[in-house]
Amino acid sequence: FGSLPDDVGLSELAKVVEPYGVVESMRLLRPKSCAFVNFHDTNVAQALLAKFTSSEEAAPVVGGKRLTVAFAKARPCSEEQNKRIAEGARRKISVAAAPGTKVEQLLERLGAKAELLSHTVVDPEAAAAAESAAPAEEGKDAVDKLCVQMEFGSLGTALAAKAALLAEGDPSVLSVDFVVEPTCSEEEIQAMLPVATAAAADEAQAEPEATERNDGAEEATAEAAVDGDKPSED
């Protein structure tokens, strides 16, 4: 994705692309005003390319600016990554910490991984859900519980962060769960692909026509050369 405004981060771009499929990683190149998004399913990337390049108006708008979209080859997910994604692993995690815990303490627990966070937000909805699910006598503790959603640039970093937060020796972290958000179904993605397929077919059809025109030009040149070799009748 190119032409990203200077004040737009990965979190804003994720809101545009992540509803379509599971994102394995996102990388922002601020000096070049672009970002790379690697999807777990290559079909999702191809479908989005078809959707966003079907016309000028179809290109996504982020931060008030229309982005450019191009396909870039990336390393496919490893078998281990595919397995973890199938089990529900995602690049976002929801952390529940004991009453009195500060966000800064969680970030300190993450160490260097905290620098790889693309977005962090205290989640009041999660706290409210915990309150409603807790017994009445535990209601106050549920209200005071700290619930934080952390968004990382890649699935691998989120996996490492979850392991670090759940490591033994810190009773303040109560739970760490991956945030699994709804995405387009396989049928919906397949329905978007014919646009790209049709464009490819048109391009493939244009190639033989161009070849035929070139062959015609070569034949005309050859005939001209033969005519030029004929002796003059004058």
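Glu-151 is found in strand 7, which spans residues 146-152, where strands (E, at least two residues) and helices (H or I, at least four) are DSSP runs numbered from the N terminus. Glu-151 is buried, with a relative accessible area of 5%; buried means under 20% relative accessible area, exposed over 50% and partly exposed in between, with a 1.4 Å probe and protein chains only. This is a predicted model, in which local features need pLDDT of at least 70 and side-chain atom pairs count only at pLDDT 80 or more, while totals for chains, interfaces and linings use all residues. Residues are numbered from 1 along each chain as its sequence is written, and side-chain values use heavy atoms, with hydrogens and water left out.

**Salt bridges around Arg-91**

- The structure holds 5 salt bridges, a salt bridge being a side-chain nitrogen of Lys or Arg within 4 Å of a carboxyl oxygen of Asp or Glu.
- Glu-151 forms a salt bridge with Arg-91, and their closest N and O atoms are 2.9 Å apart; this pair links distant parts of the chain, with Glu-151 in strand 7 and Arg-91 in the loop between helix 3 and strand 5, 60 residues apart.
- Glu-18 also forms a salt bridge with Arg-91, the closest N and O atoms being 2.9 Å apart, and here the partners are 73 residues apart, Glu-18 lying in the loop between helix 1 and strand 1.
- Arg-91 is buried at a relative accessible area of 1%, and Glu-18 counts as buried at 10% relative accessibility.
- Lys-92 forms a salt bridge with Glu-181, with the closest N and O atoms 3.2 Å apart, and this pair connects strand 5 (92-97), which holds Lys-92, to the loop between strand 8 and helix 8 (186-229), which holds Glu-181, across 89 residues.
- Lys-92 is buried, with a relative accessible area of 10%, whereas Glu-181 counts as partly exposed at 34%.
- Salt bridges that share partners join Glu-18, Arg-91, Lys-92, Glu-151 and Glu-181 into one network.

- Not counting residues up to four places away in sequence, Glu-151 touches Leu-10, Ser-11, Ala-14, Arg-91, Lys-92, Leu-117, Ser-118 and His-119, contact meaning heavy atoms within 4.5 Å.
- Ser-172 has its place in the loop between helix 7 (155-165) and strand 8 (173-178), and at 15% relative accessibility Ser-172 counts as buried.
- With its neighbours within four places in sequence left aside, Ser-172 is in contact with Ala-96, Ala-97, Ala-98 and Thr-101.

**Cavity and pocket**

- The count comes to 1 cavity of 30 Å³ or more; on a 1 Å grid over the protein atoms alone, a cavity is a set of points where a 1.4 Å probe fits but cannot get out, a pocket is an open set with protein on both sides within 12 Å along at least five of seven lines, and lining residues have an atom within 4 Å of a point.
- The largest cavity has a volume of about 110 Å³, a volume being the space filled by probe spheres set on grid points that are joined across faces, edges and corners.
- The residues that line the largest cavity include Glu-18, Arg-91, Lys-92 and Glu-181, and the lining divides into 3 nonpolar, 2 polar and 5 charged residues (Ala, Val, Leu, Ile, Met, Phe, Trp, Tyr, Cys and Pro count as nonpolar, Asp, Glu, Lys and Arg as charged, and the others, Gly among them, as polar).
- The largest pocket holds about 810 Å³ of space, and of the 30 residues that line this pocket, Val-37, Asn-38, Ala-72, Lys-73 and Ala-74 are the closest to its centre.
- Strand 2 gives the most to the lining of the largest pocket, with 6 residues, and by class this lining has 17 nonpolar, 8 polar and 5 charged residues.

**Aromatic cluster**

- A search of the whole structure finds 2 aromatic pairs, where rings of Phe, Tyr and Trp (its six-membered ring) pair if their centres lie within 6.5 Å, and planes under 30 degrees apart count as stacked, over 60 as edge-to-face and the rest as tilted.
- The rings of Phe-1 and Phe-52 are edge-to-face because their planes stand at 70°, with the centres 6.4 Å apart, and the two residues are 51 residues apart in the chain.
- The rings of Tyr-20 and Phe-52, with centres 6.4 Å apart and planes at 85°, are likewise edge-to-face.
- Phe-1, Tyr-20 and Phe-52 form one aromatic cluster.
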